[in-house]
Each structure stands twice: as structure tokens, then as C-alpha cells.
Amino acid sequence: MIRIRYFARLRDQLGTAGEEMADYPSTIGELAANLAARGGDWGEALGGTVLMAINQEMVGPDAPLKEGDEVAFLPPVTGG
Amino acid sequence: MRRDIRVQTEPFDVGGETARLSAGDHSIGAVASFVGLVRAHNRVGDEHAEIATMTLEHYPGMTEKALDRIVDVAAERWSLQAVTVIHRVGELHLGEPIVLVLTASAHRQAAFESCQFIMDILKTEAPFWKKERLPDGSERWVDARESDGKAAARWLAGD
């Protein structure tokens, strides 16, 4: 099981702050592609520029997923 | 190096934070500060729009880690005695302070440069998001700016 979290504009577009997933692919990039393949808002939200994090560290699309991970998809940041 | 990193809803006192940063450490010869404020105008496409309020969201936990890592990199790059980073979240009004960065060093160049570095990297790597509310009550997420990416890339290009 992994926990997936969506933040800010992504959360609003998807209408959910997150979900749990028992059956997940081997990398976060594949996970993003699978989520985008749900179509509709998912394809639009996850098809553009999205930052990815595992256990609160930014990662690239090849980063592997493992049991218990906290995965997050983040829009480009706008703080400061 | 001493560091004080905070994410909070409350306002901060620049004078008090500056005094606290350098208190008792007489090796410090320079303190640089940056204060970011909520601005009235933001560019939307080709039009300027006036905002009413702004709400800042963040990713609790990851935000503090990201700020800590940015300060780590600054401390490797410049000789610093102390750093303070305070970033506010929640609802903010026009003119209110959003972010404070203080850097303390023996000399001004390290203080100036590291202060700008921390802000430039924070703008592109720390997980904060701004949502603007316009006077008519409508809301929209602020888009990331290409110029912010360029400002951060300048430091990472190895000047």
C-alpha cells in the first residue's frame, strides 16, 4: 500500500486530496502516467508540469516506489 | 552555524528577529535581510488585476525539510554564522509580510549573496502555493513564473 497526496491546484482539479493504492507500478513516473490515463480531469491535471515527491523529497520520474511510501504530486511552487 | 526555520500563520517582527540573530555573537559583521510582501497587482495574461487577499498553502513536513536543505547548501557555499527563514501560510492581506530571510556573516558579500540565493532557491523548490482572491470574490491559483526558474538556475550553473 502506498499513500498518494495531491496539493493546491492539482487537488482542486482532481477533487480529492489523496488516495491509497494497494497495486502500484515500480516507479513514480509510471504511476503518474497511470493516473493521467484515467482521463478527463486526471489527464489534464497530471499531463502538464507536475513535481513529484516520495516521502517528502523531490524525485525524478525514475524513482522507485516501495511499500509504505508517501507519494505526492505537486504543481510548480509559487511561495516567497 | 545557527539556524532558525519556521513556517507559521503569525506575522513576524523584522527588528526583533534581526536582533535575536546576532545577539551575543561578535564575529558577525553583516546581516542581510529580505522581506517579501503581499503585492496589490499581479499579472494575469496581458492584464493587471488587483487582488483582495492571498492564501498560502504548503506541504507540512516537506516544507521544513526543503527549507533546511536550502540553508544547508547556502552554509556550504558561504561562510555564515546564522540564518533565519520564516515563511507565513494561511490568509494574508495586502501589504502583509509573507517571508523573511536573514543571513549573518563576518562580511557583507557572503550575507548579501547567501540571502539572495536562499530566496531564489526557495521560490522554485519549497512547496508553497499562492491562491489569490480578487475583489469580486473569485479565486485563482498563482502561476509559477519563468523568471523565477531562471533566477534559481543562475546559482546552480556554477558561476
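What follows is a short chat about a predicted model with chains A and B.

Me: Let's start with the contact between the two chains. How many residues does each chain put in?
Reply: Chain A gives 13 residues and chain B gives 22 residues.

Me: Which elements of chain A give two or more residues to the side that touches chain B?
Reply: Those are α1 (8-14) and β5 (70-74) of chain A.

Me: And by class, what is on that side of chain A?
Reply: Eight nonpolar, four polar and one charged residues make up the side of chain A that touches chain B.

Me: In what sense does β1 of chain A pair with β5(A)?
Reply: Strand β1 (residues 2-6) of chain A pairs with β5(A) in the parallel sense, over four bridges. In that pairing, A:R3 stands opposite A:E70.

Me: What about β3(A) and β5(A), parallel or antiparallel?
Reply: Antiparallel, with four bridges joining β3(A) to β5(A). Here A:L51 is opposite A:L74 of β5(A).

Me: What holds paired strands together in general?
Reply: Strands of a sheet pair through backbone hydrogen bonds, and the pairing is either parallel or antiparallel.

Me: Switching to helices. Which residues of α2 in chain A are buried?
Reply: In helix α2 (residues 28-36) of chain A, the buried residues are A:I28, A:L31 and A:L35.

Me: Where do they sit, seen down the axis of α2(A)?
Reply: The buried residues of α2(A) fall within an arc of 50°, so they line one face of the helix.

Me: And what do those buried residues pack against?
Reply: They pack against α3 (41-47), β3 (51-54), β4 (57-59) and β5 of chain A.

Me: OK, chain B now. What's the strand order in its open sheet of four strands?
Reply: The order is β7-β5-β9-β10, and the pairing is antiparallel.

Me: Which are the edge strands?
Reply: β7 (90-93) and β10 (139-141) of chain B, each of which pairs on one side only.

Me: How much twist?
Reply: From one strand to the next, the twist averages 25°.

Me: Last one: how many bridges are there between β5 and β9 of chain B?
Reply: Six bridges, linking residues 53-58 (β5) with residues 128-133 (β9) in the antiparallel sense. B:T53 stands opposite B:R133 of β9(B).

Methods
Residues are numbered from 1 along each chain as its sequence is written. Chains are lettered from A and ligands numbered from 1 in the order in which they are written. This is a predicted model: local features need pLDDT of at least 70, side-chain atom pairs count only at pLDDT 80 or more; totals for chains, interfaces and linings use all residues. Two residues are in contact if their C-beta atoms, placed from the backbone, lie within 7 Å. Ala, Val, Leu, Ile, Met, Phe, Trp, Tyr, Cys and Pro count as nonpolar, Asp, Glu, Lys and Arg as charged, and the others, Gly among them, as polar. A residue is buried if 20 or more other C-beta atoms lie within 10 Å of its own, exposed if 12 or fewer, and partly exposed in between; C-beta atoms are placed from the backbone. The arc is that of the directions from the helix axis to the C-beta atoms. Two strands pair if DSSP finds at least two bridges between them. Axes are lines fitted to C-alpha atoms, for helices over the stretch in contact, and angles run from 0 to 180 degrees between N-to-C directions.
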